Amino acid sequence: MTTTMEQFPELNTDRLKLRKLVPEDIPALVRYADNRKISDNIINIPYPYREPDAVFRISYVVQGFRKKTLYVFAIILKKSGEFIGEASLHIENGNKAQLGYWVGEPFWNKGIATEATKAILKFGLEELNLHEIYATAHIRNIASEKVLLHNGLKKENVNGNVALYRITKQEYK
Ligand SMILES: CC(C)(COP(=O)(O)OP(=O)(O)OC[C@H]1O[C@@H](n2cnc3c(N)ncnc32)[C@H](O)[C@@H]1OP(=O)(O)O)[C@@H](O)C(=O)NCCC(=O)NCCS
């Protein structure tokens with residue numbers, strides 16, 4: 001991985017590669033993001049989700065990386081090379097970030113989001129040297145809560161239908 005961050009970083013886990021989103025990912029991005037179960041939980045994913053949405057997303061992601069405010073990783077299944085979802089860090093105030101992720105429905109309940117999140121936390125807290133990473137999820141989003149708790153985030157509070165989870169660099173160590 002480059003530490004100067006001139007190039008988009010690449011993260012590797014047992015089953016996954018997390019890398020820059022590229023135009024070749026568009027068909028799979030559209031196939032999996034065009035799902036209400038995804039768009040209902042992810043603020044920047046509209047429904048229905050079509051090719052122009054994916055094209056726009058790639059330029060949004062590239063600009064975010066240039067500004068160092070957004071790291072959206074494509075989640076790639078190593079064994080097939082296929083795009084199956086996204087995991088992201090949205091940087092706030094330089095040292096805090098919001099974590100987000102989604103996985104295509106055919107790949108749910110295989111530990112993919114848990115594995116991707118582990119890599120993202122390491123990247124954010126060790127490479128970017130963030131002080132804190134947090135995530136919010138609907139209180140009924142049990143799968144997301146499990147992903148976050150498995151990765152050491154703590155449930156901080158519930159505000160209406162939204163739960164807030166957080167981990168600090170100190171706790172991560
Ligand atoms: C949330 C999401 C990313 C999880 O992805 P995933 O790869 O299936 O997650 P994992 O397999 O790593 O973990 C899911 C866990 O939730 C559990 N789970 C899934 N659905 C569940 C349900 N309805 N009730 C209870 N547990 C459930 C799984 O058994 C697993 O638990 P385990 O690891 O203890 O066995 C995926 O469901 C998704 O993309 N949802 C839509 C977008 C979204 O909600 N993103 C998060 C926004 S905060």
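Buried residues account for 32% of the 173 residues in the protein chain; buried here means that 20 or more other C-beta atoms, placed from the backbone, lie within 10 Å of the residue's own. Keep in mind that this is a predicted model, where local features need pLDDT of at least 70, side-chain atom pairs count only at pLDDT 80 or more, and totals for chains, interfaces and linings use all residues. Residues are numbered from 1 along each chain as its sequence is written.

Now for the overall build. The C-alpha trace spans about 40 × 40 × 30 Å along its principal axes. A compact globule of 173 residues would have a radius of gyration near 16 Å, and the protein chain, at 15 Å, agrees with that (taken over C-alpha atoms, with the globule rule being 2.2 Å times the number of residues to the power 0.38).

What is the chain made of? You'll find six helices and eight strands, which are DSSP runs numbered from the N terminus (helices are H or I, at least four residues; strands are E, at least two). Read from the N terminus, the order is β-β-α-α-α-β-β-β-α-β-α-β-β-α.

Eight strands form an open sheet with mixed pairing, in the order S1-S2-S3-S4-S5-S6-S8-S7; two strands pair if DSSP finds at least two bridges between them. Strands S1 (11-12) and S7 (154-159) sit at the edges with a single partner strand each, so one side of each has no neighbour in the sheet.

Zoom in on one pairing: S2 (residues 16-19) runs antiparallel to S3 (residues 70-77), over four bridges. Leu 16, for instance, has Leu 77 in S3 as its bridge partner.

Technical notes. Buried ≥ 20, exposed ≤ 12 C-beta atoms within 10 Å, placed from the backbone.
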